[in-house]
Amino acid sequence: MAGTSEPAALEQTSSVHVIPGDGPRTVRREVGLDVLLITVDTLRADALGVYGNRHAATPWMDRLAAAGVRFENARAHNVVTLPSHATILSGLSPLKHGVRDNSGFRFPSEAETLATLLEAEGYRTGAFVSAFPLDSRFGLARGFDVYEDSFVDTGIKPAFFEQERPGSETVALAKRWLEVVDERPSFAWVHIYEPHFPYAPPAPLASRFMNDPYLGDVAAADAALSPLLQPLLEAADRGNTLVILTSDHGESLGEHGEATHGIFGYEAALKVPLVLYQPRLLGPKLVSGPVRLVDILPTVLDVLSIPVPGDLDGGSLLPIAAGVSVEDIGETYFEALSGQLNRGWAPLHGVIRRGWKYIDLPIPELYELTEDPNEEINLALREPGQAKELGDLLRNLRASDAGVTPRAESAETRERLRSLGYLGGGSSPVKESYSEDDDPKRLIALDSMLREITGLYERGDLERARLRCRELVRRRPGMRVALMQLGQIERDLGNLDAAVDAMQAALTLNPEDTTTLAVLASYLVQAGRAGDAAALTEPHFRQTRPDVDVLFSRSLALARIGKVEEALAALEKARDVDPGNPMVPVYFGTVYLMDGRRSQARSSYEEALALNPNTVRAHTSLAILASEEGQVEASLSNWRKAVALDPREHAKLFAVAGRMWSAGQKAQARPLLELFVESAPPETFGKEIGRVLDLLAAGD
Ligand SMILES: [Zn+2]
């Protein structure tokens, strides 16, 4: 803590400014308040009206901020979802909790979080999250009575197809839980994902924000929160809830050449809103000094008069919020490691202190934020003294950095790859040293190319997507995300050997990454190499907490080579790891079907629907089973649910019903084909709808 209390010194260093005059001058605390933590993913501070954005439509968050304590300069420490939420919940910097990226890491099972600490104080605890990076498998669910992440119900696929749930649904689940009558105080964490790419605001926001769809998504997030915020705002100082509103990171929106977030540590990605709201304790206030996400947990505990654990990286902001302290909170550490871990680029670490910001890269950067808030003038060469001082500070902060060293298991996975005949580059994502050619500033254009390829893929232009992706892999062979994307494209084109090659190359670059392992294993099965898939997933299977997607791929591989009991053992393990996951019974069903055990398969799919009625794969599988048994009504009703939940299932409906028709089962196929015609979106399935209409007209 570089504390100081002299106003003159404060001005010079621009460290902390508290707007005086309003709000109480004594620190007030209250035992047993309800706590509501709202994290709006990917929310830049300046995307809110109350933070000065004149185009924003964020009335609810604005009202909360205006009635509460608003921190103008709050920063994240990491620029992707899982590490940053781990920090918000634990009060630990990524250096200490060790979660450095969305995949390949798990929150430590012994670390305390707001959930474990408040649960120990007699709170009931509920988390309601909206996107896959916060799935319970990554370790944040501990301490929560309820961890609502049941939107995750699709198959194994590369991480760039992120699964999410609309904020309004997440908020409705949270409200239902909050309305349960219970003696105990509650801690609810509500996470909504609207502002995350791709930007797709609903009507009428879509047309209103045609030129700024990101702001449209922010407006959608605000609207989704209104059922939570409105009653709290109406209750004002009669309310018993402490609200914390923040985000995990911002969004670059093209600044410095970055479209979204994850690569750079500029202010666009680091600065997030932070609002504390509890009108009985805290008057409206604007705090402009720097604060950090690590400060949230100690602040909440302090407000509730709960002792703050001593080994945290942050401190309570309550004295600053109450206006009794102008203490400098010290430096802000930050990092961006997705470039290193997913692309083989140089890692980015940095520190901000007293208005100076240093970014440690092969081409180092130094900015004076007060004069140059957009970070356009790199002073690293002109101010070597300042650069060295901050560089030393950063080295000290990182002295205990356990880093991103691969686990022993990954060496074994690498060995398996070699034994399968894969002799790829073998370079690790963690190199000994990086040159200026590895600096993300020089490579960010490759990320735009990746985005272009995703766009081509999503529009169905697979051939051009493949050409561009091959070119990208040639230009930068160590870019793991490009290899994963190439693998997906090749698979969709039916080139399974090429798909396997690309995924093997990706896995060699980071054997820690369980998504790559799961996807590669599933491609091997599809390519007729189930034995290889079983061998490859074996080391991971022996882990204490293996990844469920890897277990799913493994179960299919084993079932395919006739080792049904081992396949079921893999799924038993998946059930231990993630008991509420409806995909566990779905895979049980698939393995039973492969073994000819139809009635057990049916009960498994029904079990999946009992866990989550929106499990598309369970509906589709039950529909097909029913068709095969001549139960037309049951088949029709399951298909109806499947295509309503996921319109892409129309492709499967068309294929299955078409096959039945060709096989002469016209009476059974007819209602399914009629369902296809009436519900398939014509813009995607125009040609198929035409063909079905012709078939039905020609009839019997
Ligand atoms: Zn995020």
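Predicted model: local features only at pLDDT ≥ 70, side-chain atom pairs only at ≥ 80, totals over all residues.
Residue numbers start from 1 along each chain as its sequence is written.

**Overall picture**

- The chain has 29 helices and 12 strands; these are DSSP runs (helices H or I with at least four residues, strands E with at least two), numbered from the N terminus.
- For 700 residues, a compact globule would have a radius of gyration near 27 Å, and the chain agrees with that at 26 Å. That radius is taken over C-alpha atoms, and the globule rule is 2.2 Å times the number of residues to the power 0.38.
- Along the principal axes, the C-alpha atoms fill a box of roughly 90 × 55 × 45 Å.
- Of the 700 residues, 53% are buried (20 or more other C-beta atoms within 10 Å of a residue's own; 12 or fewer is exposed, in between is partly exposed, with C-beta atoms placed from the backbone).
- Take the contacts between residues at least 6 apart in sequence: 63% of them join residues at least 24 apart. A contact here is two C-beta atoms, placed from the backbone, within 7 Å.

**Domains**

- The chain splits into domain 1 (15-329), domain 2 (348-397), domain 3 (406-511) and domain 4 (513-614), with bounds from an automatic or database domain assignment.
- The centres of domain 2 and domain 4, over C-alpha atoms, are 48 Å apart.

**Helix pairs**

- Helix α15 (residues 440-458) packs on helix α17 (residues 480-492) at about 15 degrees, with the axes 11 Å apart. So α15 is roughly parallel to α17 (angles under 35 degrees count as roughly parallel, over 145 as roughly antiparallel, 65 to 115 as roughly perpendicular and the rest as oblique).
- The axes are lines fitted to C-alpha atoms, for helices over the stretch in contact, with angles from 0 to 180 degrees between N-to-C directions.
- On the α15 side, Leu-450, Ile-453 and Tyr-457 meet Val-481, Ala-482, Gln-485 and Ile-489 in α17.
- Helix α24 (residues 598-611) and helix α25 (residues 616-628) cross at roughly 150 degrees, their axes coming within 9 Å.
- Residues meeting across that pair include Tyr-605 and Leu-609 in α24, and Leu-622 and Leu-625 in α25.

- Most residues other than glycine have a negative phi, and most peptide bonds are trans.
- Ser-305 has a positive phi of about 60 degrees although it is not a glycine, and with 11 C-beta neighbours inside 10 Å it counts as exposed.
- Leu-253, not a glycine either, has a positive phi of about 50 degrees. Leu-253 lies in the loop between β6 (241-246) and α9 (267-270) and is partly exposed, with 18 C-beta neighbours inside 10 Å.
- The Phe-197 to Pro-198 peptide bond is cis, with omega about -5 degrees, and Pro-198 is in the loop between β5 (186-192) and α7 (205-208).
- Ala-203 and Pro-204 are also joined by a cis peptide bond, with omega about 0 degrees; Pro-204 is in the loop between β5 and α7.

**Two more residues to look at**

- Leu-178, in helix α6 (residues 167-178), is 144 residues from Asp-34 in sequence but 9.9 Å away in space, C-alpha to C-alpha.
- Glu-327 lies in the loop between α11 (318-321) and β9 (332-336), and is partly exposed with 19 other C-beta atoms within 10 Å.
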